[in-house]
Amino acid sequence: MAHVVVLGAGLGGTIMAYELRKELGPEHRVSVINKGATYSFVPSNPWIAVGWREKKQIEVELAPVMASHNIGFYPQGAARLLPAERKVELGDGEMLSYDYLVVATGPDLAFDEIEGLGPAGYTQSICHVDHALDAKAAFEQLKAAPGPVVIGAVQGASCYGPAYEFAFILEKALRDAKMRDKVPMTFITPEPYIGHLGLDGVGDTKGLLESKLRERHIKWMTNTRVDKVEAGKLFVTEVNEDASVKQSLELPFVYSMLLPAFRGVAAVRGIEGLTNPRGFVIIDKFQRNPTYPEVYGIGVCVAIPPMGKTPLAVGVPKTGFMIESMVTATTRNIVLAIAGEAPRAQATWNAVCLADFGDSGVAFIAQPQIPPRNVNWSASGAWVHTAKIGFEKYFLHKIRTGQPETFYEKFALKLLGIDKLKAVEEFKVP
Ligand code: FAD
């Protein structure tokens, strides 16, 4: 009997537990440790921030689903991972031992790296549902007393799609409220060009996103870092290609939402051999940590090197489909490890994304994620907004029912010619 523990029940951790439960026999134990008893669908946070969704619409109570699938559930969270002892110290001091551990703890939000940034300072965030609720309250204040808006991401961020999404969603919400004419909008980003997205662009994301920003009268600044934030004032520096200072300015704002840089969570940060200096879990091509091979990493918490040199730090995004492919590869490698076999499954890490703009959007597929690519496709249209709503409903259904991957999903992926795993070898449960 093996005990497999999943640390974190977000987008990756929940389906990780479901997929493990499906593939492992009943003689094996599967447990999930999460900070809190609720799953929250992060991609819907921009809609929460403008009042298009209520918190309860995007949340799922995890205890009943986990119980019905015979998955142990520990909502007290992890205080510290002790990989040398194969134990996790829980938030209430209890110790949980494991044979295999999958770290799926997502990001710690590094607001403290820039003075005045984030909900404890002067800017809004949409990274957590509770931040998005605060951002909604600030949006109501903006409507009552309109003025300049600055949206974007700071240096070192690795998640640019949601920053663009939120700029366009807020713009649409302001148009709906007939307030857009009173709100000058600026988009700021450390990306070297609009639509880089941490991926050196996908298809024509540069042209598509520039055109959308122009169409909606949103000014932009690239190669821009945030130095500090004060009440109603952003201090930013635009840099040249060689990272020398081009200009430093003060941007006034009444409302600002800036995505922070990410780092690993405190429970795993600073563990020699397990995590890199920013606290991200080091993994090999089979999702395993080289120092502690019984520890695997999936999702935003894993270390991925940046794509090429840029004047300011621009991280690589870890998006939903990539994470699902990491989940499937990890499940298969754990099944093999329990059977005493070497790992074989590798995630494809393709980026398949829908960026919603409120009434339209941009979709892209980067296969593989690192250029040059076999598929490098992007397109825009009103259908993307509809598709994103469909994805939200579908994913929440999967979480509520404990389904790792439905027949429809497999069918759709096949139809689109998208592979979840590298075809290393035909996989059979040993
Ligand atoms: P998370 O979903 O963040 O889950 C991490 C989990 O670990 C959480 O439940 C947390 O409570 C738990 N945890 C943390 N610390 C501990 C601890 N010490 N002990 C126990 N549990 C812990 N990707 C897309 O493909 N499409 C999108 O539309 C999209 N939209 C996004 C919008 C926003 C605003 C953001 C920030 C990201 C978006 N992403 C999107 C990127 C990515 O898919 C999401 O960030 C996704 O939620 C990452 O999944 P994850 O499992 O790695 O982390």
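I shall begin with the basis of the model, then turn to the ligand, the strands, the cysteines and some backbone details.

This is a predicted model, in which local features need pLDDT of at least 70 and side-chain atom pairs count only at pLDDT 80 or more, while totals for chains, interfaces and linings use all residues. Residues are numbered from 1 along each chain as its sequence is written, and side-chain values use heavy atoms, with hydrogens and water left out.

Let us start with the ligand. How many residues surround the ligand? The shell holds 29 residues, where a residue is near a molecule if one of its heavy atoms lies within 4 Å of it. Gly 12, Ala 78, Val 300, Gly 320 and Lys 388 are the closest. By class, 16 of the shell residues are nonpolar, 10 are polar and three are charged. Here Ala, Val, Leu, Ile, Met, Phe, Trp, Tyr, Cys and Pro count as nonpolar, Asp, Glu, Lys and Arg as charged, and the others, Gly among them, as polar. Helix H1 (11–23) and helix H7 (320–338) each contribute at least two residues to that shell. Helices (H or I, at least four residues) and strands (E, at least two) are DSSP runs, numbered from the N terminus.

I turn to individual atoms of the ligand. An oxygen atom of the ligand lies 2.8 Å from a backbone N or O atom of Gly 12. An N or O atom in the side chain of Asn 34 is 2.9 Å from an oxygen atom of the ligand. For Lys 35, a polar backbone atom is 3.1 Å from a nitrogen atom of the ligand. The ligand taken alone exposes 980 Å², and the protein buries 89% of that; accessible areas come from the Shrake-Rupley method with a 1.4 Å probe, and for residues only the protein chains shown count as cover.

Strand S6 (residues 78–82) runs antiparallel to S7, with four bridges joining them; two strands pair if DSSP finds at least two bridges between them. Leu 81 stands opposite Val 88 in S7. The two strands form a hairpin with four residues between them, and Arg 86 in the turn has a positive phi of about 55°. On to S8: three bridges join S7 to strand S8 (residues 95–97), again in an antiparallel arrangement. Val 88 has Leu 96 as its bridge partner in S8. The hairpin of S7 and S8 also has four residues between the strands, and in it Gly 93 takes a positive phi near 95°.

Which residues form the covered face of S7? They are Val 88 and Leu 90, whereas Lys 87 and Glu 89 form the uncovered face. In a regular strand the side chains alternate between the two faces of the sheet.

Phe 235 has Glu 250 as its bridge partner in S16. Five residues lie between these strands in their hairpin, where Ala 243 takes a positive phi near 75°.

Now the cysteines. With a disulfide defined as a pair of cysteine sulfur atoms within 2.5 Å, the count comes to zero disulfides. For Cys 127, the nearest cysteine sulfur is that of Cys 159, 6.5 Å away. Cys 127 is buried, at a relative accessible area of 17%; buried means under 20% relative accessible area, exposed over 50%, and partly exposed in between (1.4 Å probe, protein chains only).

Arg 263, in strand S18 (residues 262–263), is buried, with a relative accessible area of 14%. Its side chain makes a polar contact with the side chain of Asp 112 at 2.8 Å. A polar contact is a pair of N or O atoms within 3.5 Å; within protein, one must be able to donate a hydrogen and the other to accept it, and residues adjacent in sequence count only if both atoms are side-chain atoms.

Finally, the backbone. Most residues other than glycine have a negative phi, and most peptide bonds are trans. The peptide bond from Gln 367 to Pro 368 is cis, with omega near -5°. Asn 223 has a positive phi near 45° and counts as buried, at 5% relative accessibility.
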